[in-house]
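Q: Hi! Could you walk me through how to read some features of a protein model?

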Amino acid sequence: MRGSSNLGGVLSMLASTASFVVCDSFMKLTTSDLPPFEVLFLRGIAATLACGLLLILVGEWRAVSSAVHARPLLRAAAETSSVLCYIVALSRMPIADLVALMQTSPLMLILAAAFLFGERVGAARVILALVGFAGAFLVAHPGPAGFSSAALLGLASAVLMAGRDLFGRSVPSHVPVMVVTFATNVMVMATAGLMSLGFETWRPPAGWHLAFLGLAGIFVTLGHVGILLAYRLGRTSAVAPFFYSFALWAVLSGLLVFGALPNALALAGIAMIVASGVAIVLIDQRRGGTEIALTEAL
């Protein structure tokens, strides 16, 4: 029974990470025609509606008011800032490279716990985190002028996502996870709409734009559900390493949807990030400690 449950958890995690990458692929396709904040706003409408429907189906709608609390709102603000950076970066750089940079967020969380909060994380975890950052440097492959603006936005998004998870640690346990997700969707949608009005020229979306972004909103919601289901079905020790399948799906999306593969340096960097992240999870499990907070996708 336990092995069967673990298999279900692993399959849920693989489906979840694939769903997030499908969402990002639809968004990247639409940013070729529409401004990024407009794209994020339109996706936000679909994601909010899908998440709201899910809240009704699981009977947690009455708990929505519990999200009006400092910690959930701070978490939502950090994720909103991260998503705003992410969507602009997504419109300017290959999806596989950007997703790889985002996988450094759990590594940043480890270093933040060590240096900001004095938590004992161990030399091995710090060294592995630094290996992951070296991989991120290869993915970003700065030129003579330094890092590109898109790579810097991707790294900023990863930093903000780590901040989101730090705030998430202190969200009261009585606030359901799906309520926090719904509140975040609403804040992302509203902020993206304001950013679009303030800094972009609105372009009327075509039918295929709306269809793609509607699907993106559904897939991002399915991604969140999949991660929740994965950790409920299987042991964290069995499920957590498969979080890094994000990188595999992103490389496949880059090849199949956009006809592009990362260069040799970027592929080496992606491998370093994934290997360091998985190794940290396995070390945590061997020591019987608490797993690092693996972040969800945007």
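Predicted model: local features only at pLDDT ≥ 70, side-chain atom pairs only at ≥ 80, totals over all residues.

Q: Is L252 buried, partly exposed or exposed, and why?

A: Buried means under 20% relative accessible area, exposed over 50%, and partly exposed in between (1.4 Å probe, protein chains only). L252 has 33% relative accessibility, so it counts as partly exposed. Compare S32, in the loop between helix 1 (2–31) and helix 2: S32 counts as exposed because its relative accessibility is 55%.

Q: Which residues of helix 4 are buried?

A: Those are I95, A96, D97, L98, V99, A100, L101 and M102. That makes eight of the eight residues of helix 4 (residues 95–102), so this helix is largely enclosed by the rest of the structure.

Q: How do I read a salt bridge?

A: Side chains of opposite charge can pair when their charged atoms come close. The cut-off is a side-chain nitrogen of Lys or Arg within 4 Å of a carboxyl oxygen of Asp or Glu. This structure holds two salt bridges. In one, the side chains of E79 and R75 meet at 3.3 Å, N to O. Both sit in helix 3 (residues 70–90), four residues apart, about one turn of the helix.

Q: What about E79 and R164?

A: Their side chains meet in a salt bridge too, at 3.2 Å, N to O. This pair links distant parts of the chain, with E79 in helix 3 and R164 in helix 7 (residues 149–168), 85 residues apart. Shared partners join R75, E79 and R164 into one network of salt bridges. E79 counts as buried because its relative accessibility is 7%, and R164 is buried with a relative accessible area of 1%.

Q: Where is S32 relative to G9?

A: For a question like that, look at the C-alpha atoms. Those of S32 and G9 are separated by 35 Å, and the two residues are 23 residues apart along the chain.

How values were computed: Residues numbered from 1 in each chain as written. Heavy atoms only, no water. Helix = DSSP H or I, 4+ residues; strand = E, 2+ residues; numbered from the N terminus.
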